[in-house]
There are 2 protein chains.
Amino acid sequence: VRDAYTEQLDDMVALLRTMCQDVAVALEKATRALMRSDATLAQEVVDEDRSIDLKWHEAEERAFELLVLQAPIATDLRTIVSAIHTASDIERMGALTEHIAEAVLRRHPQPVLPEEVAGYFGEMGRVGVALARKAVDVIESRDAVKAAQLEADDDAMDDLHEHMSRQLMDRNWPHGVEAAVDATLLARFYERYADHAVSIARRIIYIVTGQMPGPLSV
Amino acid sequence: VRDAYTEQLDDMVALLRTMCQDVAVALEKATRALMRSDATLAQEVVDEDRSIDLKWHEAEERAFELLVLQAPIATDLRTIVSAIHTASDIERMGALTEHIAEAVLRRHPQPVLPEEVAGYFGEMGRVGVALARKAVDVIESRDAVKAAQLEADDDAMDDLHEHMSRQLMDRNWPHGVEAAVDATLLARFYERYADHAVSIARRIIYIVTGQMPGPLSV
């Protein structure tokens with residue numbers, strides 16, 4: 001049987017897994033709302049972000065309790081310190097997703113994006129959701145090899161971002177400054193979301209190998 | 001005499017103080033580089049960010065050692081967990097400052113910003129640097145009242161951001177899409193920098209009061 005300590009540790013990891021699953025679903029919804037200018041769905045994303053914030057506090061408290069009660073060392077200590085980082089990363093992923101939904105609400109019933117670039121964002125959404133789902137997977141499996149793949153997967157996001165930027169910087173961009181500003185910020189939100197997913201994966205590598213991951217150059 | 005443990009804890013806090021001081025200086029330089037299109041100064045900011053990243057790793061390692069060796073509780077444990085967050089916040093402040101410097105390098109010898117909005121960014125720079133300096137101060141003093149002031153000070157940044165956005169959204173914006181995109185991202189970088197300074201201050205409140213700060217709604 002598992003002792004109380006192991007159980008507590010597993011529960012904390014399970015909570016992170018749920019949180020990460022939540023922000024994957026949230027980004028999928030926010031992207032759908034963005035594509036369809038769906039204010040109801042966007043409002044749902046905004047409302048649901050509160051529960052991610054609550055879970056963030058809970059995760060931090062659990063990490064704190066484990067530190068107080070168990071004085072963990074080695075892998076367990078790395079797991080707990082990483083959990084503190086991961087909970088922050090997921091909280092930011094939730095906040096960034098909320099920003100996407102807020103943009104939909106702000107421009108509704110107009111679409112935020114000109115049709116010409118909407119496709120890039122649909123794709124960024126797919127890549128972002130896939131990264132978050134892989135992060136869920138590695139939080140559970142602690143598979144360092146899979147975790148390392150997220151960094152490569154993130155290149156797809158960077159490529160999309162670059163293509164979109166190029167279109168934006170084209171002197172013949174016909175959609176005006178407001179659309180350009182919106183597209184710029186939205187692309188930044190997707191890109192940062194993906195960076196946080198990669199960050200989570202890097203912490204998994206750290207738990208497994210004991211090597212502190214370097215900062216993301218983003 | 002201080003025992004080895006207290007000394008180790010104080011050293012970690014002193015390192016955070018230095019790091020925060022470093023990113024205050026970095027933002028001051030990056031803003032100056034932005035105002036004058038000074039590529040040499042901008043390159044200096046980019047180069048110096050490496051040392052902030054190294055210090056970030058060092059701070060994390062020290063926090064980790066303290067957790068392993070001392071099994072701290074109560075205020076000390078809150079200090080160490082907060083140090084982990086604060087070191088991340090400062091690393092992000094450094095990265096955001098680097099992004100500002102990179103924009104200067106990208107457009108050099110052209111200025112990044114049209115003269116019409118440059119003033120807002122000079123002002124955002126001043127507010128950002130002041131927030132970072134106050135964060136340095138509260139890291140050292142643990143003055144929860146002063147720490148609470150940072151949240152109010154951050155309103156100045158939000159106001160500047162809003163004014164700038166309004167000018168950008170003006171249908172008569174004559175500077176084209178590229179300048180609008182640059183201004184949008186730069187404003188976001190300054191705003192996020194300020195948010196991280198506020199985050200640091202909130203952690204100080206947490207250390208002192210034991211109350212976990214809520215997420216910033218940004």
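In this predicted model, Met19(B) sits in helix H1 of chain B, which covers residues 4-36. Its relative accessibility is 0%, so Met19(B) counts as buried, the cut-off for that class being under 20%. Beyond the neighbours within four places in sequence, the residues in contact with Met19(B) are Ile52(B), Lys55(B), Trp56(B), Ala59(B), Ala87(B) and Ile90(B). Asp53(B) is 34 residues away from Met19(B) along the chain, and the C-alpha atoms of these two residues are 9.3 Å apart.

His196(A) belongs to helix H6 of that chain. With a relative accessibility of 10%, His196(A) counts as buried because the limit is under 20%. When neighbours within four places in sequence are left aside, His196(A) is in contact with Asp89(A), Arg92(A), Met93(A) and Leu96(A).

The next topic is empty space. Rolling a probe the size of a water molecule over the atoms shows where such space is left. The second largest pocket has a volume of about 580 Å³. Its lining is made up of 25 residues, and those nearest the centre are His161(A), Ser165(A), Glu191(A), Arg106(B) and Leu185(B). Two or more lining residues come from each of helix H5 (144-169) and helix H6 (176-209) of chain A, and from each of helix H3 (74-107) and helix H6 (176-209) of chain B. H5(A) supplies the largest share of this lining, with seven residues. By residue class, the lining of the second largest pocket holds 10 nonpolar, five polar and 10 charged residues.

Terms used:
Residues are numbered from 1 along each chain as its sequence is written. Chains are lettered from A and ligands numbered from 1 in the order in which they are written. This is a predicted model: local features need pLDDT of at least 70, side-chain atom pairs count only at pLDDT 80 or more; totals for chains, interfaces and linings use all residues. Side-chain values use heavy atoms; hydrogens and water are left out. Helices (H or I, at least four residues) and strands (E, at least two) are DSSP runs, numbered from the N terminus. Buried means under 20% relative accessible area, exposed over 50%, partly exposed in between (1.4 Å probe, protein chains only). Contact means heavy atoms within 4.5 Å. On a 1 Å grid over the protein atoms alone, a cavity is a set of points where a 1.4 Å probe fits but cannot get out, and a pocket is an open set with protein on both sides within 12 Å along at least five of seven lines; lining residues have an atom within 4 Å of a point. Grid points are joined across faces, edges and corners, and a volume is the space filled by probe spheres set on the points. Ala, Val, Leu, Ile, Met, Phe, Trp, Tyr, Cys and Pro count as nonpolar, Asp, Glu, Lys and Arg as charged, and the others, Gly among them, as polar.
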